[in-house]
Amino acid sequence: MVRILVSDAMSEEGLAPLLADPTIEVVQKKVNEVEEELHQFDALLVRSATKVTEQLLQKMPNLKIVGRAGVGVDNIDVDAATRYGVVVINAPNGNTISTAEHTFAMMASLVRRIPQAHISVKSREWNRSAFVGVELFGKHLGIIGFGRIGSEVAKRARAFGMHVHVYDPFLTKARAEKIGVDVCTLDELLAQADIITVHTPLTKETKGLLGPKNLAKTKKGVYLINCARGGIIDEQALIPFLENKHVAGVALDVFEQEPPGDHPLLSFDNVIVTPHLGASTVEAQVNVATQVAEEVLKFLQGKPVTSSINLPTLSKDVYEKIQAFYTLARKMGILASQYMGEPVQEIAITYSGSVADLETTFITRSLLAGFLKPRVASTVNEVNAAMIAKERGIAFSEKFSANGNDYNNSIALTVYGENKTFTMKGTHIVHYGDRIVHFNGFAIDFAPEGHLLYIQHHDKPGMIGKVGNILGDHQVNIATMQVGRQEAGGKAIMMLSLDKPLDDALVDTLESIEDIDVVKRLEV
Ligand SMILES: NC(=O)C1=CN([C@@H]2O[C@H](COP(=O)(O)OP(=O)(O)OC[C@H]3O[C@@H](n4cnc5c(N)ncnc54)[C@H](O)[C@@H]3O)[C@@H](O)[C@H]2O)C=CC1
Ligand SMILES: O=C(O)CCC(=O)C(=O)O
């Protein structure tokens, strides 16, 4: 039974695909209410309240996936999750419209002073002259961050007759032209905008983006809106600009610390606030919960996920095409690691033929995961394989060749170790399966499966018989045997597939045969 912990409030309608699955148990409780059971959960679904820290991940050794029902993953230690091999996914567009609409609601409220007027009338006052606002029509709106939400805000602004200026260093010219917005530098935006709204993630670059220096570059009487992440507008820096009336008003849905407590900004009459409500609509909550539930379900069924933060994203089509190579690469990694049995510095991979045209990132990660698995005590999978390889000083590279050299497709690898270099080539043949066609410099043809025994020897009459007799005497059945040699009378190999693994004593016996140089057990 798969166990999923849903630790923040989430729409039941959205969670329906998980709740309906009889193989899944969904527990809707806060983390601190299930302290004793944390080690049992396979998946964790959160909004922004649960902090997915390294400490929490350590208490959840069975965890495979964290699903964030929303966009921002700043409540999740994604680096730690990656190290622990835990996939992190989000629901990137389920709450876009709601947040864009909330931004607009904040904008209209800000310039028409609706919250202040509301409080006044509720206090039994009728003071119409105190609440004169300004129109949005004809005003210049500066949008910082032109992704999903920023671009939806722009559409609405244009419908209101506003001039829209956009600053986003990652926005391509083609996309800006298609949407028809004025793309400018940050300084140009600050100088022109009557209203500035931020829609970036909170990163090293965006933290304090609207701080003392940039606030000083804004127009006198500017309005500011933050419905993205607390800290993009520097809260402390705002105070003098509000005191000297350079900033006419501020609308905040998000804060550096949430809840903000007794924050000095809350005492300004022209600062209007909501408690992180951008995504709080019925529709958005159903959307994000549905998106994340469907993705988690797909992941648990071994299907590709499309909104992962720490895995390459694959479409179903691409996933289907690479699946065979993904498995072949995993087996090749396992074989290479066991054969080498020593520290390695580099793994060079060459994809040839039809596989060279595919999305190989995932295949390479699979190969690395296979390679590292016998060497790493903790979980290693395609999420953390590249990171673990790096941490262990193992460089890896990919090369591509259109020519498959006798094979429709092939994956070749060269592993550079401290004392030796190892090469191997594998191919996947439809209706036949995975085959290793070169091993350690020898042409051969075997299926990388089960209990394998690699023997390197001198090419002499009677060698096969000697090995066969010893195995037979010890009741070890040989399922298949492939042989290869470099030249008659030179170095040769046998690759045997056995019905059971060999014990150490039998390996020693085989090694003691004259003219046998190497005996290696390989388990795939
Ligand atoms: N208040 C709320 O309840 C909600 C808040 N959010 C937040 O809104 C923000 C935007 O979300 P989306 O539009 O979905 O994200 P997105 O990823 O679609 O867009 C972000 C944009 O910011 C741009 N950007 C990144 N660094 C930048 C920089 N240094 N300067 C200018 N632009 C930069 C990116 O190029 C991208 O176009 C995020 O912080 C998200 O967490 C999202 C949903 C709900
Ligand atoms: O879960 C929520 O309501 C917060 C949404 C949010 O901030 C996000 O999706 O980034």
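1. The UniProt record (unreviewed entry) places the feature "domain: ACT" at residues 452-524; such positions are given in the numbering used here, feature names are shortened, and annotations may be inferred rather than shown by experiment. The span 452-524 is 26% helix and 42% strand, and its end C-alpha atoms lie 8 Å apart. Helices (H or I, at least four residues) and strands (E, at least two) are DSSP runs.

2. This is a predicted model, in which local features need pLDDT of at least 70, side-chain atom pairs count only at pLDDT 80 or more, and totals for chains, interfaces and linings use all residues. Residues are numbered from 1 along each chain as its sequence is written, and side-chain values use heavy atoms, with hydrogens and water left out.

3. The protein is divided into domain 1 (2-92 + 283-301), domain 2 (95-273) and domain 3 (316-523), with bounds from an automatic or database domain assignment. Taken over C-alpha atoms, the centres of domain 1 and domain 2 are separated by 32 Å. Eight residues from domain 1 and five residues from domain 2 make the contact (heavy atoms within 4.5 Å).

4. Between domain 1 and domain 2 about 580 Å² is buried, with carbon and sulfur atoms giving 40%; buried area is the accessible area (1.4 Å probe) that two parts lose on being put together, summed over both. On the domain 1 side, Asp74, Pro92 and Ala284 lose the most area to domain 2, together 57% of what that side buries.

5. One salt bridge is counted between domain 1 and domain 2 (a side-chain nitrogen of Lys or Arg within 4 Å of a carboxyl oxygen of Asp or Glu). The side chains of Asp74 and Arg229 form a salt bridge at 2.7 Å, N to O.

Definitions and conventions. Chains lettered and ligands numbered in written order.
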